[in-house]
Amino acid sequence: MRLRRHRQCIPSCSSPHRVDEDEIYWRQKGDNEELEWSHYAKSQLAQCFTNAMVGPRSWIGGLFNRSTNRRNDKYVDYPYSPLQVQRLQRLQERLQVPFDETRPDHQESLRSLWYAAFPNVVLTALISEQWKDMGWQGHNPSTDFRGCGFVSLENLLFFARTHPKSFHRLLFKEGGKRATWEYPFAVAGINVTFMLIQMLDLYSVKPRCLPGVNFVKLLGEDEEAFDVLYCIAFEMMDAQWLAMHASYMEFNEVLRVTRTQLERELSLEDVHRIRDLPAYNLLYQ
């Protein structure tokens, strides 16, 4: 069956905000953020979806660096406050922590995620077929964490604890006309984490792109800005998925459109706190 590709975007969450003088950034940016994903026959879809997130970080970095934000050296010397620099460094330290299935604290976080998702269902073991119900590739979630590290688990757990209604609505695919081939929730979450890291240029000492610079300003106002932005991005991705009537093989396009909208919101001149992002309201719909 041929899948139709819909290119419409969701109705913008934004009110008519004026974008600052860096509008030229968008003209230069073009379509460079196109992500590369493999496409297989339907029998290989589940494996296909997670391949990009499984493997050593060096490989993952290579995949995403083929299409990146337009870097600009003028942002390297941006005068951040000491607090902004401190919080950026703390966040970057989080990004360097791999998921280690032998660490008791990582095991406990994984259990906590399960019970946040399914509070009335007993998890029989940390390696169990039950994990597939949450949208993991197989019976051992640690294999999916290899590409993005412990921060991707932290993001999911933050989402579940801070916005449980929104978390469960996306987990159980509630609302809207859903596709026969839906995206797997947990693996999609890892994709969202890595998309944010790359979009904000967080593996650089200092971001060299406009969205990254503006994000650090938000981080100075709220140390949880990255985790909150993750929740917003996940909601935006799901809204785009529904508006585009997307199916499994179109996840790449959905994530690309989500990223573009989020970059634009991060470039609005009247966004001073993470709560000022127009899409923040999606968490409370």
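**Close-up views of a predicted model**

View 1. C148 is buried, its relative accessible area being 0%, where buried stands for under 20% relative accessible area, exposed for over 50% and partly exposed for the range in between (1.4 Å probe, protein chains only). C231 is likewise buried, with a relative accessible area of 0%. When a disulfide is taken as a pair of cysteine sulfur atoms within 2.5 Å, the count comes to zero. The model is predicted, and local features need pLDDT of at least 70, side-chain atom pairs count only at pLDDT 80 or more, and totals for chains, interfaces and linings use all residues. Residues are numbered from 1 along each chain as its sequence is written, and side-chain values use heavy atoms, with hydrogens and water left out.

**View 2. Helix α11, residues 225-243.** Helices (H or I, at least four residues) and strands (E, at least two) are DSSP runs numbered from the N terminus. Because 18 of its 19 residues are buried, α11 is largely enclosed by the rest of the structure. H245, which follows α11, has a positive phi, near 50°.

**View 3. G149 in a loop.** G149 lies in the loop between α6 (142-145) and α7 (150-162), and is buried at a relative accessible area of 2%. From G149 to I190 the C-alpha to C-alpha distance is 9.1 Å, although 41 residues separate them in sequence.

**View 4. S166 and its contacts.** S166, placed in helix α8 (residues 164-171), is buried, with a relative accessible area of 3%. Leaving aside residues up to four places away in sequence, S166 touches F159, E235 and L283, contact meaning heavy atoms within 4.5 Å.

Note on methods
The expected span of a helix is 1.5 Å times one less than its number of residues.
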